[in-house]
Amino acid sequence: MSDSISNQSNWIDEYHNGVRYGLDCKILVDEQSVHQRITIIESSRYGKGLLLDGCWMTTEKQEKTYHECLVHPALCSAVKINKILIIGGGDGGTARECLLYKDVKQVDMIEIDEKVVELSKKYLPSIGDNAWKDPRLNVIIENGIHWVFKCNDDSYDVIIIDGSDPKGPAKGLFNKKFFEECKRVLKPKGILASQSESPESFSEVHIDMIKLMRQIFDFADPLYGWVPIYPSGWWSWLFASDKTAYYLTPNKVRAEKICNTCEIWSTKWQEGAFKTMPAFIERRLSL
Ligand code: SPD
């Protein structure tokens, strides 16, 4: 057991800044891949779940909370959604939500760790669900940062960054040069979407990400929601585009087609969630 996970009395905890976030569960898999430690657990409260290097990534019964909030503000609102890039997302949940849209022609999912894909398919099949057999999905096992740097300009309508916290393999997903490259690779009216950590437990990373995106894009706004098992439970997703904040105006026809599949996301929910920036974050952003 590494320092970041304790396994006494069946509890698996993520430790973060003196607080632990845990589930009463049993361990199904605990192995080291080339890139990171991968743990799969089973709990009665949230079903099976995945941790990478001791950090919660997803659980069967709360994954929609995360994936719907990352995908739909971008895909429901972008001018075009022919070609989508997902960086990370090896459990398949982000791809599954993207492929709900019939207009999507191609999803390239660049996941660094093939073990995450293999174990997610085996132990968490409901998360990727039909996405794994959808011919529109290309799963490419490669470093997502390298992929973006070598992509041609104007390649994708939407880019979605579904990475882990800023350490280990995901560290490079939080820096200016990487976001600038994402902008180069996005089509001119494209939308960039990224998970943007917790305003409470990762407040510095969260604030820095918004500031950085606002330096690079004309518009960048976070939306706030929750993922109970993540540190503090309070989470955020960040959207950016040029010329117009496209992500603020969902396409009604697209929304009607997917809203019945959603647990959390709706156009009404999204409208509210973009307006819930806490005052302390707003003050910090204006400094
Ligand atoms: N603190 C955890 C942040 C993890 C974000 N990515 C989760 C991957 C789910 N597809």
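**Chat: the ligand and its cavity**

Q: How many cavities of 30 Å³ or more does the count come to?
A: The count comes to one cavity of 30 Å³ or more. Keep in mind that this is a predicted model.

Q: What volume does the largest cavity have?
A: Its volume is about 410 Å³.

Q: And what lines the largest cavity?
A: The lining has 34 residues. L52, G88, D162, G163 and S164 lie nearest the centre of the cavity. The elements giving two or more residues to this lining are β4 (47-52), β5, α1, β6 (83-88), β7 (106-111) and α5 (144-150).

Q: Which element gives the largest share of that lining?
A: β5 does, with four residues.

Q: How do the lining residues divide by class?
A: There are 17 nonpolar, 11 polar and six charged residues in the lining of the largest cavity.

Q: OK, the ligand now. Where is its space?
A: The ligand takes up the space of the largest cavity.

Q: Which residues surround the ligand?
A: W56, M57, Y66, H67, D91, D162, G163, D165, Q195, Y230 and W235. By class, this shell has five nonpolar, three polar and three charged residues.

Q: Which elements each supply at least two residues of the shell?
A: β5 (55-59) and α1 (63-75).

Q: What lies 2.8 Å from a nitrogen atom of the ligand?
A: An N or O atom in the side chain of D162 does. So does a backbone N or O atom of G163. For D165, a side-chain N or O atom is 2.7 Å from a ligand nitrogen.

Q: What percentage of the ligand's accessible area does the protein cover?
A: The protein covers 98% of the 340 Å² that the ligand has on its own.

Key:
Residues numbered from 1 in each chain as written. Predicted model: local features only at pLDDT ≥ 70, side-chain atom pairs only at ≥ 80, totals over all residues. Heavy atoms only, no water. Near = heavy atom within 4 Å. Polar contact = N/O pair within 3.5 Å; in protein donor to acceptor, adjacent residues only side chain to side chain. Areas by Shrake-Rupley, 256 points an atom, 1.4 Å probe, with all protein chains shown as cover. 1 Å grid on protein atoms, 1.4 Å probe; cavity = no way out; pocket = protein on both sides within 12 Å on 5 of 7 lines; lining within 4 Å. Sits in = over half its atoms within 2 Å of the grid points. Nonpolar A, V, L, I, M, F, W, Y, C, P; charged D, E, K, R; others polar. Points joined across faces, edges and corners; volume = space filled by probe spheres on them.
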